[in-house]
Amino acid sequence: HSLTSLDPHFRLAEKFTILNDRGIGMLTRIYNIKKACGDPKAKPSYLVDKNLESVVKFIVRKFPAIETRNNNVSSDNVSELLNTIDACQVFFDVTVNFDLTKNYLDLVVTYTTLMMLLSRIEERKAIIGLYNYAHEMTHGASDREYPRLGQMIVDYENPLKKMMEEFVPHGKSLSDALISLQMVYPRRNLSADQWRNAQLLSLISAPSTMLNPAQSDTMPCEYLSLDCMEKWIVFGFVLCHAVLNTDPAALSLWKLALQSSTCLCLFRDEVFHIHKACEDLFVNIRGYNKRLNDIKECKEQALSGTMHRERRKFLRSALKELATVLSDQPGLLGPKALFVFMALSFARDEIIWLLRHADNIQKKSTDDFIDKHVAELIFYMEELRAHIRKYGPVMQRYYVQYLSGFDAVILNELVQNLSVCPEDESIIMSSFVNTMTSLSVKQVEDGDMFDFRGMRLDWFRLQAYTSVSKASLGIADHRELGKMMNTIIFHTKMVDSLVEMLVETSDISIFCFYSRAFEKMFQQCLELPSQSRHSISFPLLCTHFMSCTHELCPEEVRPRNQCLSLCNMFLDEMAKQARNLITDICTEQCTLSDQLLPKHCAKTISQAVNKKSKKLTGKKGEPEREKPGVESMRKNRLLVTNLDKLHTALSELCFSINYVPNMVVWEHTFTPREYLTSHLEIRFTKSIVGMTMYNQATQEIAKPSELLTSVRSYMTVLQSIENYVQIDITRVFNNVLLQQTQHLDSHGEPTITSLYTNWYLETLLRQVSNGHIAYFPAMKAFVNLPTENELTFNAEEYSDISEMRSLSELLGPYGMKFLSESLMWHISSQVAELKKLVVDNVEVLNQMRTSFDKPEQMAPCLCPCLCSVAVDSVLKRMTIIGVILSFRSLAQEALRDVSPVTTLILVAMNVYELSSAAGLPCEIDPALVVALSSQKSENISPEEEYKIACLLMVFVAVSMPTLASNVMSQYSPAIEGHCNNIHCLAKAVNQIAAALFTIHKGSIEDRLKEFLALASSSLLKIGQETDKMTTRNRESVYLLLDMIVQESPFLTMDLLESCFPYVLLRNAYHAVYKQSISSSA
């Protein structure tokens, strides 16, 4: 019997392949129509249009509105193929002609599912009827397929009932195919205890056989989906139900399937409730009471779920062992590949069973349908999948040698020993042997692409040829050949189809359609610390979703969108959880660091000093304060602190985040570590700003030193994250801390630079202006003065050397530059006001400038000037400038201490700017020059501006004597200054003069000499005054001249001596020191 004589059914293999694929495509389209019709947002507009409502009702009522007597709906491709199979009396046995039997059963189930899903679309008549009317209006006639389609919709109102009638002639073929599962299904549907006793999937249970290849007579059946077999059995025996009463094997299979599940997957999240549907179908059939009783008994067992729970428990440990051994010895993937695919298939079946039943179970108690450890099982599946992808070449190398060195030889012997082997079959068999013999390891080493699809299709065709009743070479009589070829086909798949095998055995893309349950499982996983290390399995699972689409429905976008949003959400939640744990650890560490702050040791010192009064304190019952570090003393290893728990939880979660460097999901690359980095940056930024504890209402803020301690503690914890996850934490520090040196961060939020700048300007320096705080040069700090209303903060605790150094470390050169610019802006506004005062008194000042060495002319000029409020305003504003410059000087000195600069090689003004930015002192302050340069008025000429600058210095010089009458102007040797901050005038005079005359290109030295002459002349005059009130602090004011010269890089003591006798200065110092001793006494 040659192949050509089998011409009528020559294309069985091709037809099965095409129809099954088209069937899945049709299911995809019908599923999408059903979902669209069931969703109010996605429902087609013509079904909700009020204008069409009456039309739709009419169409549905009259449907299909055609003559249907001669429309035989069964004459389609599926029925034609089923009739051909019956006519040829095709032999089916899943253990022999696996591909033929599987495709046949798949076709029956796909056909049944298609009809059932179609019947679930409530609007099907309206949609088809409207389409036909539209077709008539457009083309003038009905669609030629419409009568058949319309009749089918009517006939299949109750699809299973109709199909039970339709399948009566196909009962023999279908039941034979199903009964062949009796050697496969019961063996796959065992309890966990039976698996455990058989040491299923264990590579190490028998070490001596570890390198032996895993063999089976039914290779493809070993990893065949249990879910798939149950659909075959349940739907198959419903369609040919008569055999249940006549064949005990059929009944046994059917009952076993009914005990396993309460519902089956029709397509995606559409399910079929087995027991209810079977009862409804059998209740009206005479003599089926026994079957109805069987259904009720099986339902009770199916509702239990205990068997599946125990299976999942077993599979978790079995897959863990398998993954661990293979990660250590990947070479075992060769001989034990079958075990890996069996493990994946078993786990996949149990996960899908759980997902389906958890969402559709009708029993109220669902403990057996909630598994908080399902993530672990998915994780080990992903680990095995990763091993196969990574070590694919190892498996290829093994199976190429297996095919050429063993399979080819055995197959050749089998073919030679065949009693009958027609020529065509012999040619195909010989081609199999030749294909395998030609394989070599060099092809793997050279990276050649293997493709055995042709060989597998030829074997499928050969199964069809040899399974018909009149075949010369009947496969039913040569089972060994079938089993050998099934093994060979498995081996070829190990060489060229590993990715397809992974999809076949471990694809769980069905999660895409159970998004709520999927998210719930993920949340349960994150909430359980022991499971959080497996949380990466959920985003990894999103990579499966690409396999759930079909080319017949290219417009379907839901799986893609769902997949990307879920993957993003999972990774984001994981990063958030890790971030929260890190934040909690940081908070704990900050608390511990806070205990070491100097302020907390006062009590300990006090207790040490007062040891003698120990009894007295004992009576009060005051508990002894625990010393820092006591938390590290462990008396018991079992004692677990909160910090221990946080570190454990973090290490588990970080394992998951660090598990894969990136994953590709639908052409998008996701990097889990970047999610964590991003969240850490945001949280670190918020935490730094939060730790300043700035309160705008009360103007309270944390001391810079305390904030620095907290930030360092935070950074130490973040640095330790690199032990868990491969992220660049230095990048996080650079991004966050550099942003904190700017006025606003990248989100437009205030930074510590803006908060501290605002606080020092608006709170500390404002209180200095108000006379509540003074600058003490001896202490290099601002100190609170005793006043009626006590300030809410201690200025010294925010402005001493250590605090300013801490501030410089926190803000860095950029932040300190911003602070300087803000200070300079305030100075420039004061200078602008001073210039206005000069303009108002310009004539008097001009006269004083020219006649300061002529007492007889000076006296009438001075009187009106001294009587003016302008004098006080000038001195007050210059003092404020001096205070601001003194504060800036502290800040610059602190910056210099914390950021030492070694070499500066720049030109001209740039050297000043760079030096200033690094905290180095400059003769001319570049920041002040820039601030004052921006003040130039449009209506005033440069010459006039220069004159005003000169007169400003005159104004300050001639106003100085009035300071002697102020009671607060007394010099204090202890603080090396005056309580009203007039000692800051020295810095103000020098810096303002240097800046103004740099801008106006005048001689700074000449102008300061002029200032010194005017000031000396003015102060010498108060030496002749007899009014004690006017001259009460004359000596203290004299000292200002010395301070101005000491501060100035342009003036010398010789110059001062020429216009103000040094003896007066010496006597002044003597007087103020004598006065301070007497006042303190």
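Student: Does H6 pass H7 in a left-handed or a right-handed crossing?
Tutor: In this predicted model, local features need pLDDT of at least 70 and side-chain atom pairs pLDDT 80 or more, while totals for chains, interfaces and linings use all residues. Residues are numbered from 1 along each chain as its sequence is written, and side-chain values use heavy atoms, without hydrogens and water. Helices are DSSP runs (H or I, at least four residues), numbered from the N terminus, and a crossing is left-handed if the near helix is turned anticlockwise from the far one by less than a right angle, right-handed if clockwise. The way in which H6 passes H7 is left-handed.

Student: How are H6 and H7 oriented to one another, and why?
Tutor: The axes of H6 and H7, as lines fitted to C-alpha atoms over the stretch in contact, come within 11 Å and cross at roughly 165 degrees. Angles between N-to-C directions run from 0 to 180 degrees, and those over 145 count as roughly antiparallel. The crossing angle therefore makes H6, relative to H7, roughly antiparallel.

Student: Which element gives the most to the lining of the second largest pocket?
Tutor: A pocket is an open set of points on a 1 Å grid with protein on both sides within 12 Å along at least five of seven lines, and lining residues have an atom within 4 Å of a point. This pocket has 30 lining residues, with Met26, Ile30, Leu114, Leu149 and Met152 nearest its centre, and two or more come from each of H1 (12–38), H4 (77–88), H5 (98–119), H6 (124–139) and H7 (146–155). With 7 residues, the element that gives the most is H1.

Student: Which helix gives the most to the lining of the largest cavity?
Tutor: In a cavity, a 1.4 Å probe fits but cannot get out. The lining of the largest cavity includes Leu226, Asp227, His308, Arg311, Trp353 and Arg356, and H13 (226–239), H18 (306–328) and H19 (337–360) give two or more residues to that lining. The most, 5 residues, comes from H19.

Student: Which helix supplies the largest share of the lining of the second largest cavity?
Tutor: Lys780, Ile801, Met804, Arg805, Leu890, Glu893, Ala894 and Asp897 line the second largest cavity. Two or more residues come from each of H38 (801–840) and H41 (869–898). The largest share, 4 residues, is that of H41.

Conventions: Parallel < 35°, antiparallel > 145°, perpendicular 65-115°, else oblique.
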